[in-house]
Amino acid sequence: MLLGGWIMRYKKHKYFVADRINLIQRSKIRELFERASKMKNVISLGIGEPDFDTPKNIKEAAKRALDEGWTHYTPNAGIAELRNAISEYYVSHYGMRIQPQNVLVTAGAYEATYLAFESLLEEGDEVIIPDPAFVCYVEDAKVSGAKYIRLPLKEENEFQPDTDELLELITKRTRMIVLNYPNNPTGATLDEEVAKAVADIAQDYNIYILSDEPYEHFLYDGAKHVPMIKYAPDNTILANSFSKTFAMTGWRLGFTIAPEDVVKDMIKLHAYIIGNVASFVQIAGVAALREEASWKAVEEMRKEYEKRRKLVLEHLKEMPHIKAFEPKGAFYVFANITGTGMKSEEFAEWLLDKAGVVVIPGTAFGPAGEGYIRISYATSQENLLEAMARMKKALEEL
Ligand SMILES: Cc1ncc(COP(=O)(O)O)c(C=O)c1O
């Protein structure tokens, strides 16, 4: 870079920073949250994490682990016991044989996703990212230097990929497609035939599927989840997490399952960014997967989410100008607000000012989220009832 360029860069940022960091976009909704934090009596339906506490048996396991001296480094890939427990979990829940050497314990699904982008994509490779989609994939793509191509998901297809459209986006440079079901932000689940069709495409064109599945246990109305790895085992990089399942967002515990060679390559990077997930947290992860008490707690949380989902859907039906997509998974409702004549961001600001309720504009998840808002029901029924009453009043007065 010429001297002038350096000076310009210095003036712009006050200190030198790598260009790839400048590519990362902090969430567009920060301003909304900042404004909400200065207001009184606001109810947030913007939450992206369980409001429940981590089940007691998991916390006890972590405390015991600390007392027993689990305070040292562990193998980079994670302790054998946890890798084994994760493999056993796939046998007991899905009847699938996953070998421990295909498992890498990560700091949440975030790290698993980041490792997939960094290890598998070269500068200029193409990755297909659905639109709308959870926010990290696009930022990961930018940092990796990969070019991201967006695959619009439509409500008429229940926010699942249209495989003909997917095929049209594939070029010689396509290396990966991202999937996330049950989905954030739409709450959609993936039908088996669509999963199989995407798996066939990935196999035919030699493309990786990054399948991000942290909401796999939050399913309603008889919906079933099948891990993508079942359909395309040699092509799938599965990202999963304890964050949502066991209400453990702050513990930073997740994992990836991938072909053995891919895992080995991911470990190279993982070893130099975090080394290993905290040792006592890994022990708590073993307890989470193996003890009955934690699974009982998961089912209790799922039942509570189910009640809240019903409450929100029933109340939204009573409101003018808004129409919810009926989700079968996660803890979000994606609702169409085009009837209000407002854009998504405008609607979210209006609702905050008028009703003191925070929702996330659909555009936070990509341009195809225009016309929608995301409502999270990871909050108490009491809060939800109050928020619904306020929304109804505001919409009726519009
Ligand atoms: C779809 C999706 N993937 C990944 C993550 C990150 O989860 P973790 O806490 O496991 O890093 C989230 C968190 O909200 C998410 O919604």
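Predicted model: local features only at pLDDT ≥ 70, side-chain atom pairs only at ≥ 80, totals over all residues.
Reader: How far apart are the end C-alpha atoms of helix H4, and what span should its 12 residues give?

Author: Helix H4 covers residues 56-67, and at 1.5 Å a residue its 12 residues should span 16 Å.

Reader: Which residues of H4 are buried, and how wide an arc do they cover around the axis?

Author: The buried residues of H4 are Asn 57, Ile 58, Ala 61, Ala 62 and Ala 65. They lie on the same side of H4, because the arc that they cover around the axis is only 145°.

Reader: Which exposed residues does the face of H4 turned away from its buried side carry, and what covers the buried residues?

Author: On the face turned away from the buried side of H4 stand the exposed residues Lys 56 and Asp 67. The buried residues of H4, for their part, are covered by elements that include helix H11 (279-290) and helix H12 (292-317).

Reader: How many aromatic pairs does a search of the whole structure find, and what is the geometry of the pair formed by Tyr 89 and Tyr 94?

Author: The search of the whole structure finds 23 aromatic pairs. One of them joins Tyr 89 and Tyr 94, whose rings are 6.2 Å apart from centre to centre. Since planes over 60 degrees apart count as edge-to-face, the 85° between the planes of Tyr 89 and Tyr 94 makes this pair edge-to-face.

Reader: Are Tyr 89 and Tyr 94 buried or exposed?

Author: A residue counts as buried when its relative accessible area is under 20%. Tyr 89 has a relative accessible area of 5%, and Tyr 94 has one of 17%. Tyr 89 is therefore buried, and Tyr 94 is likewise buried.

Reader: What kind of pair do the rings of Tyr 110 and Phe 134 make, and how many residues apart in sequence are the parts that the pair ties together?

Author: The ring centres of Tyr 110 and Phe 134 are 5.8 Å apart and their planes stand at 35°, so the pair is tilted. Tyr 110 belongs to helix H6 (residues 108-120), while Phe 134 sits in the loop between strand S3 (126-131) and helix H7 (136-144), so the parts tied together by this pair are 24 residues apart in sequence.

Reader: In what order do the 7 strands of the open sheet stand, and which are the edge strands?

Author: The 7 strands form an open sheet with mixed pairing, in the order S2-S8-S7-S6-S5-S3-S4. Each edge strand pairs on one side only, and these edge strands are strand S2 (103-106) and strand S4 (147-152).

Reader: In what sense do S2 and strand S8 pair, and which residue in S8 is the bridge partner of Leu 104?

Author: S2 and strand S8 (residues 254-257) pair over 4 bridges, and the sense of this pairing is antiparallel. In S8, the bridge partner of Leu 104 is Thr 256.

Reader: Where is the place of Met 266, and is Met 266 buried or exposed?

Author: The place of Met 266 is in helix H10, and this helix, residues 260-273, lies across S2, S6, S7 and S8. Leaving aside residues up to four places away in sequence, Met 266 touches Leu 104, Ala 112, Leu 115, Ala 116, Ser 119, Ile 237 and Thr 256. The relative accessibility of Met 266 is 0%, so Met 266 counts as buried.

Reader: Which residues does Ser 211 touch?

Author: Ser 211 is placed in strand S6, and with a relative accessible area of 4% it is buried. Not counting residues up to four places away in sequence, Ser 211 touches Leu 179, Met 228, Thr 236, Ile 237, Leu 238 and Ala 239.

Reader: Which strands stand at the edges of the open sheet of 4 strands?

Author: This sheet has antiparallel pairing and the order S9-S10-S13-S12. A strand with a single partner is left without a neighbour on one side, and so the strands at the edges are strand S9 (323-324) and strand S12 (360-361).

Note on methods: Residues numbered from 1 in each chain as written. Heavy atoms only, no water. Helix = DSSP H or I, 4+ residues; strand = E, 2+ residues; numbered from the N terminus. Expected span 1.5 Å × (residues − 1). Buried < 20%, exposed > 50% of the residue type's maximum accessible area, 1.4 Å probe, protein only. Arc of directions from axis to C-beta. Contact = heavy atoms within 4.5 Å. Phe/Tyr/Trp six-rings, centres within 6.5 Å; stacked < 30°, edge-to-face > 60°. Pairing = 2+ DSSP bridges. Axes fitted to C-alpha atoms, helices over the stretch in contact; angles between N-to-C directions.
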